[in-house]
Amino acid sequence: MSKRLFEFLCELQLRYGQRIVLEHDFFGDYGDVLIDSFHAYPDIGFVLDTARLDIARRAFQGFDPYPFLDRMASRIYLVHYSNVLYEKDKFTHHLPVLPEHDHDPNYGEACAYLQYVAARNSRFHVTFEHNASLITRQQLL
């Protein structure tokens with residue numbers, strides 16, 4: 001089914017001259033299918049969401065984002081860049097990434113993911129996918 005989907009998306013992309021990119025959500029036991037599909041169809045761009053990636057790291061035991069990033073780095077077209085704050089019974093996502101988040105276990109590893117990808121791929125775009133109202137104006141500046 002993935003092969004048919006990617007072939008159809010490639011056809012649409014050619015027909016309409018519109019770049020098609022796909023954003024991930026957690027893929028469970030289908031990580032290899034996802035990775036293989038993007039490598040088999042390099043015309044389809046991959047969108048990495050740093051907050052979703054970190055949530056998957058914490059929610060699904062055994063998922064390590066770094067081997068996934070090693071395999072997907074060359075296929076990343078766009079990064080949705082934001083962080084996550086983990087509290088006792090909830091999390092807040094779409095936080096702007098701040099230097100004070102680094103190495104604080106209450107926050108995701110958004111900056112580390114971006115640096116990791118940048119060391120392996122120099123040709124991707126970044127969208128700041130954050131809610132600026134979650135921090136002060138001074139922090140945002």
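In what order do the four strands of the open sheet stand, and is their pairing parallel or antiparallel? In this predicted model, the order is β1-β2-β3-β6, and the pairing is parallel. The edges of the sheet are taken by β1 (21-23) and β6 (125-128); each has a single partner strand, so one side of each is left without a neighbour in the sheet. Direction ignored, neighbouring strands are turned against each other by 25 degrees on average.

Within this sheet, strand β2 (residues 45-49) runs parallel to strand β3 (residues 76-81), and four bridges join the two.

Asp 49 belongs to strand β2 and caps the N-terminal end of α3, with a side-chain oxygen 3.0 Å from the backbone nitrogen of Ala 51. Is Asp 49 buried or exposed? Its relative accessibility is 2%, and Asp 49 therefore counts as buried. Apart from neighbours within four places in sequence, Asp 49 is in contact with Glu 23, His 24, His 80 and Glu 129.

Helix α3 itself (residues 50-59) has Thr 50, Ala 51, Leu 53, Asp 54 and Ala 56 as its buried residues. These buried residues pack against β2 and β3, and also against α4 (65-72), β4 (83-86) and α5.

The buried residues of α5 are Ala 110, Cys 111, Tyr 113, Leu 114, Tyr 116 and Val 117. What covers them includes the strands β2, β3, β4 and β6, together with the helices α3 and α4.

Two packed helices are described by the angle between their axes and the distance between the axes. Here, the axes of α4 and α5 come within 10 Å and cross at roughly 30 degrees, and the crossing is right-handed. On the α4 side, the contact is made by Pro 65, Tyr 66, Leu 69 and Asp 70, and on the α5 side by Ala 112, Tyr 113, Tyr 116 and Val 117. How many of the residues in this contact are nonpolar, polar and charged? Seven are nonpolar, none is polar and one is charged.

A further pairing involves β4 and strand β5 (residues 91-95), which pair in the antiparallel sense over four bridges. The two are joined as a hairpin through four residues. In this pairing, Asn 83 has Leu 95 of β5 as its bridge partner. Both Asn 83 and Leu 95 are also in contact with His 101, as are Pro 96 and Tyr 107, leaving aside the neighbours of His 101 within four places in sequence. His 101 lies in the loop between β5 and α5 and, at 3% relative accessibility, counts as buried.

His 94, in strand β5, has a phi near 65 degrees, a positive value in a residue other than glycine. With a relative accessibility of 27%, His 94 counts as partly exposed. His 103 is found in the loop between β5 and α5, and its phi is likewise positive, near 65 degrees, in a residue other than glycine. His 103 is exposed, with a relative accessible area of 84%.

His 39 is part of helix α2 (residues 31-40) and counts as partly exposed at 36% relative accessibility. Beyond its neighbours within four places in sequence, His 39 is in contact with Arg 71, Ser 74 and Arg 75. For a sense of scale, the C-alpha atoms of His 39 and Glu 100 are separated by 35 Å, and the two residues are 61 residues apart along the chain.

Technical notes
Residues numbered from 1 in each chain as written. Predicted model: local features only at pLDDT ≥ 70, side-chain atom pairs only at ≥ 80, totals over all residues. Heavy atoms only, no water. Pairing = 2+ DSSP bridges. Axes fitted to C-alpha atoms, helices over the stretch in contact; angles between N-to-C directions. Buried < 20%, exposed > 50% of the residue type's maximum accessible area, 1.4 Å probe, protein only. Contact = heavy atoms within 4.5 Å. Polar contact = N/O pair within 3.5 Å; in protein donor to acceptor, adjacent residues only side chain to side chain. Left-handed = near helix turned anticlockwise from the far one by under 90°. Nonpolar A, V, L, I, M, F, W, Y, C, P; charged D, E, K, R; others polar.
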